[in-house]
Amino acid sequence: MTTQTVLDVRGLVVRRDDLKAVRNVDFQIRAGQRVGLVGESGAGKSLTALAVMGLLQPGWTTEGQVLHDNVDLTTISDREFSNRRGRTVSMVFQDPLSALNPTKRVGAQVSWVIRRHTKVTRDEARARVLDLFKQMHLPRPEQLLRAYPHELSGGQRQRVMIAMAIACYPQLIIADEPTTALDVTVQKQVLRLLDGAVKDRGSALLMITHDLPVIAAMCDYVMVMYGGRLVEQGPVGEVFRSPRHPYTKGLLESQPTLDNIELEGTTRLPSIRGSVPPLHAMPTGCPFRTRCDRATAQCEIVPELEGDTSQAACWHPLDAHSPVVGA
Amino acid sequence: MLVFLARRLAFFVMALITSSILIFALIRLAGGNVASVMLGKAAKPEAIAALSKELGLDRPLPVQYFDWAWGMLRGDLGISFRTREPATSLLLERLPVSVPLALAGMILALLIAVPVGTYAATKVGTPIGAFVAFTSQVGIAIPVFWAGVLLSLFFGVRLGWLPTGGWVPWSASPIDSIRSLALPVIALGLVMAATLSRYTRTAVLDVMNEDYVRTARASGMTKRGALLRVGVRNASLPLVTVVGLLAAELIGGTVIIEQVFSLPGLARMVLDQVQAREVIVVQSTVMIMVAFVLVVNLIVDILYGVLDPRVRVSR
């Protein structure tokens with residue numbers, strides 16, 4: 001590998017007592033790489049991110065290694081970890097209203113991160129926040145420094161969150177559904193700003209979403225998660241054009257496109273049969289086998305990720321040229 | 001913020017006026033002729049008429065009300081018809097006992113409850129957490145007078161460290177004044193701390209589950225830092241409300257504890273005046289207590305506006 005690895009997750013398990021929500025996940029992110037993590041709600045995406053950040057709620061425990069900057073983050077103390085959070089690795093959360101402290105001015109919240117990790121004066125920090133706000137195209141940035149979160153629109157709040165996340169030039173930014181809570185009209189703008197900020201800083205990005213077009217626009221590598229496991233991964237173009245795991249194919253086909261949407265009554269958007277089973281009812285072996293048309297007895301054994309540039313964990317993968325309906 | 005303050009102030013004034021009318025009216029509705037209530041059943045009609053004239057009770061009710069209210073505003077609480085002493089000076093004698101007692105009780109309660117409640121919030125589901133929850137539950141169940149009696153038995157009678165009751169004026173010996181207040185303050189503080197620590201625990205727990213605490217940690221706050229800088233700070237919002245609600249309870253507790261430790265405080269004064277049928281003085285003193293509760297709640301409202309920027313605009 002020529003470029004430096006900023007995150008190396010090995011055998012990550014996130015569990016609550018006997019319930020494993022993330023089961024043995026491995027992945028690497030290289031410097032400047034943009035990786036998308038997709039899957040339905042409950043697939044374990046957010047837990048994976050929070051486990052990497054060391055911010056799981058009490059009750060959840062992790063196994064495995066999270067290597068970042070030559071340290072295993074799962075073994076360091078809260079104090080050591082806090083020196084890294086916001087500085088070398090940062091996170092953008094889903095709902096910017098609840099994710100900002102309602103009793104502190106947004107300028108103060110952003111400048112806190114800067115002053116926490118760099119030796120700057122109050123005024124220098126303020127100037128940097130102002131620059132960040134300008135870079136995020138926030139209107140009237142001077143006044144906005146003194147505004148409270150409730151005085152901002154959803155899009156503005158999320159731009160403040162992004163400003164917080166990029167303030168210290170982190171090696172890795174984790175964005176957990178950064179646009180899901182926003183109006184469609186604002187989503188694009190926020191994504192563009194996030195895109196620019198990440199590019200500008202040369203940071204790596206781990207983008208968590210269930211929105212496939214967002215992945216297509218923002219990422220160069222995609223990992224598909226189901227039932228706490230990575231079921232397919234590879235370069236975005238390859239995976240989206242010719243998915244090999246039946247789940248990935250189903251996910252792609254259930255995205256509305258101009259071809260499969262009919263406005264007159266009989267909309268037939270294909271969907272995946274059944275629904276994600278709850279954690280305690282997740283089948284043994286391949287987690288998808290109870291919803292899969294191709295499942296056989298062999299699927300009771302967990303398949304490994306296999307393949308060259310793109311890999312799928314499936315005993316009966318689709319061939320490379322099986323077309324996606326509607327794509 | 002100015003609009004917010006003006007509204008709160010207007011609300012305060014309205015509540016003050018309403019409660020003064022209520023207090024004034026209730027005493028008259030209950031007793032019929034005030035002067036005959038004061039003098040008792042055996043009083044001669046001439047005596048009743050004379051007292052009525054002297055106290056101005058023969059005038060129309062609105063005139064009486066405004067006269068009384070205007071007097072209250074100037075700090076004139078009326079005159080005791082038995083001792084001929086102005087009630088204001090009676091009251092001023094009692095305040096150096098009751099005010100330090102109530103304030104110190106509240107402060108002690110906060111000093112205990114906030115750290116204990118915060119600590120308990122970090123220990124949910126552990127034996128220590130269960131122990132703290134159990135202890136505060138027991139504390140809530142213990143009446144103030146019982147706590148007072150127990151403390152007085154143990155520290156006063158058994159160990160002999162502190163007086164079991166009675167009062168030494170500040171002017172005579174401040175140290176002895178503090179010694180006489182110590183047990184009543186502890187009794188009052190402990191019992192209120194029990195209630196308050198439970199509220200603190202819940203409030204801190206609620207805040208710590210908020211997304212913005214996670215954001216704070218994601219930007220480099222340690223667990224402990226987030227608990228103290230964000231958790232306790234934002235939990236102070238609901239706590240301030242609870243402290244306001246406890247103000248009324250504080251007066252009740254003070255009344256009881258002054259009896260238990262035979263302190264010559266405001267509460268004793270009211271009871272004495274009730275027994276002496278000093279209707280006007282009682283009316284004025286009750287009004288002062290109501291005003292105290294209203295002032296505390298006004299302060300709470302203003303504090304709320306200072307602490308929570310959202311309140312300033314939305315109300």
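Predicted model: local features only at pLDDT ≥ 70, side-chain atom pairs only at ≥ 80, totals over all residues.
Reader: How is chain B divided into domains?

Author: Domain 1 of chain B takes in residues 1–82 + 276–315, and domain 2 takes in 94–265. Their centres, taken over C-alpha atoms, are separated by 30 Å.

Reader: How do you know which residues count in the contact between domain 1 and domain 2 of chain B?

Author: Two residues are in contact if their C-beta atoms, placed from the backbone, lie within 7 Å. The contact takes 10 residues from domain 1 of chain B and 9 residues from domain 2 of chain B. On the side of domain 1 that touches domain 2, there are 8 nonpolar residues, 1 polar and 1 charged.

Reader: How many residues of each chain are in contact between chain A and chain B?

Author: The contact joins 26 residues of chain A to 20 residues of chain B. On the chain A side, the elements giving two or more residues are α2 (78–84), β6 (89–92), α3 (96–99) and α4 (106–117). By class, that side of chain A has 11 nonpolar, 9 polar and 6 charged residues.

Reader: Which residues of chain A does UniProt list for "domain: ABC transporter"?

Author: The unreviewed UniProt entry lists residues 7–252 of chain A. This span is 41% helix and 26% strand, with its end C-alpha atoms 27 Å apart.

Reader: Why do β6 and β11 of chain A stand at the edges of the sheet?

Author: The open sheet has 7 strands with mixed pairing, in the order β6-β7-β8-β3-β9-β10-β11 of chain A. β6 and β11 (311–312) of chain A each have a single partner strand, so one side of each is left without a neighbour in the sheet.

Reader: What makes β3 and β9 of chain A paired strands?

Author: Two strands pair if DSSP finds at least two bridges between them. Strand β3 (residues 34–38) and strand β9 (residues 221–226) of chain A have 4 bridges, in the parallel sense, and therefore meet that requirement. Within this pairing, Gly36(A) has Val222(A) in β9(A) as its bridge partner. Helix α11 (residues 246–253) of chain A packs on the sheet, touching β3, β9 and β10 (229–235) of chain A, and its direction makes about 105° with that of β9(A).

Definitions and conventions
Residues numbered from 1 in each chain as written. Chains lettered and ligands numbered in written order. Domains from an automatic or database assignment. Nonpolar A, V, L, I, M, F, W, Y, C, P; charged D, E, K, R; others polar. UniProt positions renumbered as here; feature names shortened; annotations may be inferred. Axes fitted to C-alpha atoms, helices over the stretch in contact; angles between N-to-C directions.
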